[in-house]
Amino acid sequence: MNLSEKDRQYLWHPYTQHKTAAASIAIIKGKDALLWDENNKEYIDAIASWWVNPFGHSNTFIADAVYKQLTTLEHVLFGGFTHKPAVQLAEKLMEILPNNQKKIFFSDNGSTAVEVAIKVALQYFYNRGEKRTTLISFEDAFHGDTFAAMAASGISLYTQAFEGMFIDVVRIPVPVKGKEEESFNALRLAIETHSCAGFIFEPLVQGAAGMVMYAPEALDTMLQICQENRVLTIADEVMTGFGKTGKNFACDYLKFQPDMMCLSKALTGGTIPMSITTFTQDLFDAFYSEDINKALFHGHTFTANPTGCAAALASLELLQTEVMQAHITRVHHRHLAFQERIQQHPKVSTTRVLGVIFALEIKTEGPVDYYGSLRNKLYHFFIENGVILRPVGNIVYILPPYIITEKQLDKVYQVVENALEMI
């Protein structure tokens, strides 16, 4: 049996209905923006493997840092202990995070980073003698697959089997252009009618919803409303963080800053699972007490894994180089040029670009299923043509590694154009 056949015998994949899904493609190596399968077919990874590989695959700079750390200290428990890579990473992050962020908590992935933030929001008020039980989130949000993160999400496909089992969440409209006031009013109403602990949001771009974008000014207004009403704010930057929007963080576009930020995915350059939740000093102080019951009782076995910290340090160093920043700018301008060319296509209803993120929406009649026939037809067409793209319903998005070449970008754009002619 080849790898794909053995995979089918033993493995259970994410977001997959195995009875109807095609066999998984067995990838044996990757370099920069390219991947190769077991039959030596080449693919352009045009979504940076779910947004985690901004510097491409098999990056030797990160690999060298990981190797060096593995030969020094691969792991040590973080309960009662600390180590140099964790301290150094905290120092480096503090240099680029919004200046109200003062404390860092490590966990394992984006979903657990969100889980930590939600627990802190709820316990913050509990520790201060006030019970608040409700969160506010956007419609069609996606914050992860652990239980509190699922509760805060709004895509029913992922959550419908668990309805009635979640913490209380009020969902409000996204303040897309023309619907800002509707969103602001819904936020105010939610705060007036519920005991709201926090408002969680994907800043400026809702990834899993199909790269839905909204303006920084709208989010600033919502953050101001929350601050005036003592509702904590949580920025889920798992997708948007580390350069995706053209700045280090999407929150860098804002005047008001969140109380908490959730980071993962590109944090380690796609090498090792790791996540971070950051907090203001006020939040930390609410847990700082002689009363043990006010401590944050949350942890992960691999919290602040030194090897992951070393990878993250190398990743941050790469991100801040002039060369990498120039790549981000280059990809952004290429996306704008492609948008100019494709937005008048008769099968395209809308296009949007922010940083290295490009999305187009295909004209359809009526609603489109998230994993429906159009999406599946597009996905298989892209794969057949050697490009990894994962459409969301009728939305095709491109979010490539920053180091993707001009020739590779040309192919991605051309395959997307060909797909429009195919449907």
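1. A residue is called buried under 20% relative accessible area, exposed over 50%, and partly exposed in between. R330, at 22% relative accessibility, therefore counts as partly exposed.

2. The model is predicted. Mean pLDDT for the protein chain is 97, and 100% of the residues score at least 70. Confidence is lowest in helix α7 (residues 156-159), where the mean is 82, and highest in strand β10 (residues 232-236), at 99.

3. Six salt bridges are found in the whole structure. In the one between R330 and E406, the N to O distance is 2.7 Å.

4. Helices α12 and α14 are joined by another pair. E417 and R341 form a salt bridge at 2.6 Å, N to O. E417 lies in helix α14 and R341 in helix α12, so this pair ties together parts that are 76 residues apart in sequence. R341 counts as partly exposed, at 47% relative accessibility.

5. E130 and R132 also form a salt bridge, with their closest N and O atoms 2.7 Å apart. E130 is partly exposed at 27% relative accessibility, whereas R132 is buried at 12%.

6. Three strands make an open sheet in the order β13-β14-β16, paired antiparallel. β13 (348-354) and β16 (395-398) are at the edges with a single partner strand each, so one side of each has no neighbour in the sheet. From one strand to the next the twist averages 15 degrees. Four bridges connect β14 (residues 357-362) with β16; L360 has V396 of β16 as its bridge partner. Helix α14 (residues 406-422) packs on this sheet and touches β13, β14 and β16, its direction making about 170 degrees with that of β16.

7. The largest nonpolar core contains 104 residues, and L89 and F199 have the most contacts inside it. Helix α11 (residues 306-319) supplies the largest share, eight residues. Beyond its neighbours within four places in sequence, F199 is in contact with residues including I136, F138, L219, M222 and I234. Another core, of 27 residues, lies apart from the largest one; among its members are V120, A121, L135 and L283.

Technical notes
Residues numbered from 1 in each chain as written. Predicted model: local features only at pLDDT ≥ 70, side-chain atom pairs only at ≥ 80, totals over all residues. Heavy atoms only, no water. Pairing = 2+ DSSP bridges. Helix = DSSP H or I, 4+ residues; strand = E, 2+ residues; numbered from the N terminus. Axes fitted to C-alpha atoms, helices over the stretch in contact; angles between N-to-C directions. Contact = heavy atoms within 4.5 Å. Core = buried A, V, L, I, M, F, W, Y, C linked by side-chain atoms within 4.5 Å. Buried < 20%, exposed > 50% of the residue type's maximum accessible area, 1.4 Å probe, protein only. pLDDT = per-residue confidence, 0-100. Salt bridge = Lys/Arg side-chain N within 4 Å of Asp/Glu carboxyl O.
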